[in-house]
Amino acid sequence: MIEFKNVSKKYGDNPAVKDINFKVEEGEFFVIIGPSGCGKTTTLKMINRLIPLTTGYIYFKEKPVSDFPLYEMRWDIGYVLQQIALFPHMTIKENIAQVPEMKKWSDKDIDARVDELLEMVGLAPEEYRSRIPSELSGGEKQRVGVVRALAADPPVILMDEPFSALDPISREKLQDDLLELQKKIKKTIVFVTHDIQEALKMGDRICLLNAGSVEQIGTPEEFLSEPKNDFVKDFIGDIDSHMLKQSTAGDIVRNAPEIAEGDEDGLPEVIHEADMYQLFKYFSEHEKLVIVDEKRRKLLKREDMFKYLSNDEGGDHL
Ligand code: ADP
Ligand code: MG
């Protein structure tokens, strides 16, 4: 869907992105991560030509992005910013309807789409559609920012640290909602963050940048079990390697409620002694597992494993 081939970007003489290569598959949730200033935003904005590249090629649907008219890039690629840039004097409906308006959808279709999108993110349409942005909380504005990018149903969505300005509770809720939404809409998403926990939780694959170069590209499981070098190890340092080696499935679900026999049938059942590396293998194909011991069955979600493995959750929230 999107491919970078030997892409570099210089601002004047300063290299911001250095010869990067990757391919984002259709329907993939692809995370770009790295420290501040490593070139994440530059990389993202080159995709929809908000920033021109210096050398190399970026392909969108097998064609160089430079072959597409600019307006098509803006219409076919949704874009969500860190700082919610809603138009302050327009209603929520008018904000969401921007691209459908430009595409000259009928009023009826626009009304239906706006309501559908608001409902998708839990904002009652009759209550929210006529409000203006200042009448919304930060989390609500960010939800509108996300659905606005979805309005005309673009195949690709770019998100630049969309949740980083939110408090931890709203952030976690929006992450969960976006994961749920993605299961339904299956868009190609390129998502920028500097938060490794967010990357592990959200990404099908992660691309770690350092000073404009790619350090590693792989699944969350690969980052944890096979970090390529010391930079990668340091970057995921929050995930305690001792915990990674010692923990079992049973540890993670220790405080989780039991589920009844017959509930969640069809999911793989995994013994509670299974270690993290075994869990990684299962989670590469399933979002949820049933963890069993002699007497009990408990549900384990992939995102809960990553929460457990990261230090600041303390490992015992379940
Ligand atoms: P990130 O999003 O990872 O924080 P950026 O892509 O914004 O990084 O920036 C990468 C590098 O390019 C940084 O060193 C930044 O200072 C520089 N940079 C970004 N935008 C510009 C610009 N418009 N002009 C000059 N330098 C820039
Ligand atoms: Mg940035």
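Which residue forms a salt bridge with lysine 61? I started there, keeping in mind that this is a predicted model.

**Entry 1: the lysine 61 pair**

The partner turned out to be aspartate 76, and I noted 3.9 Å between the closest N and O atoms. That sits just inside the rule, which asks for a side-chain nitrogen within 4 Å of a carboxyl oxygen. I then looked up where the two residues are: lysine 61 is in the loop between β4 (55-60) and β5 (63-64), while aspartate 76 belongs to helix α2 (residues 70-76). They are 15 residues apart, so the pair links distant parts of the chain. Running the rule over the model gave me a count of 21 salt bridges.

**Entry 2: two domains**

For the interface I looked up the buried area: about 990 Å² between domain 1 and domain 2, with 61% of it from carbon and sulfur atoms. Who carries the domain 1 share? Lys201, Glu221 and Leu224 supply 49% of what domain 1 buries against domain 2, more than any other three residues.

**Entry 3**

I found 2 salt bridges across the interface of domain 1 and domain 2. I also checked arginine 302, which forms a salt bridge with glutamate 221 at 3.4 Å between the closest N and O atoms. Glu221 had already come up among the three residues supplying 49% of the domain 1 area. For polar contacts, the interface gave me 3 residue pairs.

**Entry 3: ligand 1**

Last stop was ligand 1. I listed its surroundings as Tyr11, Ala16, Pro35, Ser36, Gly37, Cys38, Gly39, Lys40, Thr41 and Thr42. Three of these I followed up by distance to a ligand oxygen:

- Glycine 37 has a backbone N or O atom 2.7 Å from an oxygen atom of ligand 1.
- Lysine 40 puts a polar backbone atom 2.9 Å from an oxygen atom of the ligand.
- Threonine 41 uses its side chain instead, with a polar atom 2.8 Å from an oxygen atom of ligand 1.

Terms used: Residues are numbered from 1 along each chain as its sequence is written. Chains are lettered from A and ligands numbered from 1 in the order in which they are written. This is a predicted model: local features need pLDDT of at least 70, side-chain atom pairs count only at pLDDT 80 or more; totals for chains, interfaces and linings use all residues. Side-chain values use heavy atoms; hydrogens and water are left out. Buried area is the accessible area (1.4 Å probe) that two parts lose on being put together, summed over both. A polar contact is a pair of N or O atoms within 3.5 Å; within protein, one must be able to donate a hydrogen and the other to accept it, and residues adjacent in sequence count only if both atoms are side-chain atoms. A residue is near a molecule or strand if one of its heavy atoms lies within 4 Å of it. Helices (H or I, at least four residues) and strands (E, at least two) are DSSP runs, numbered from the N terminus.
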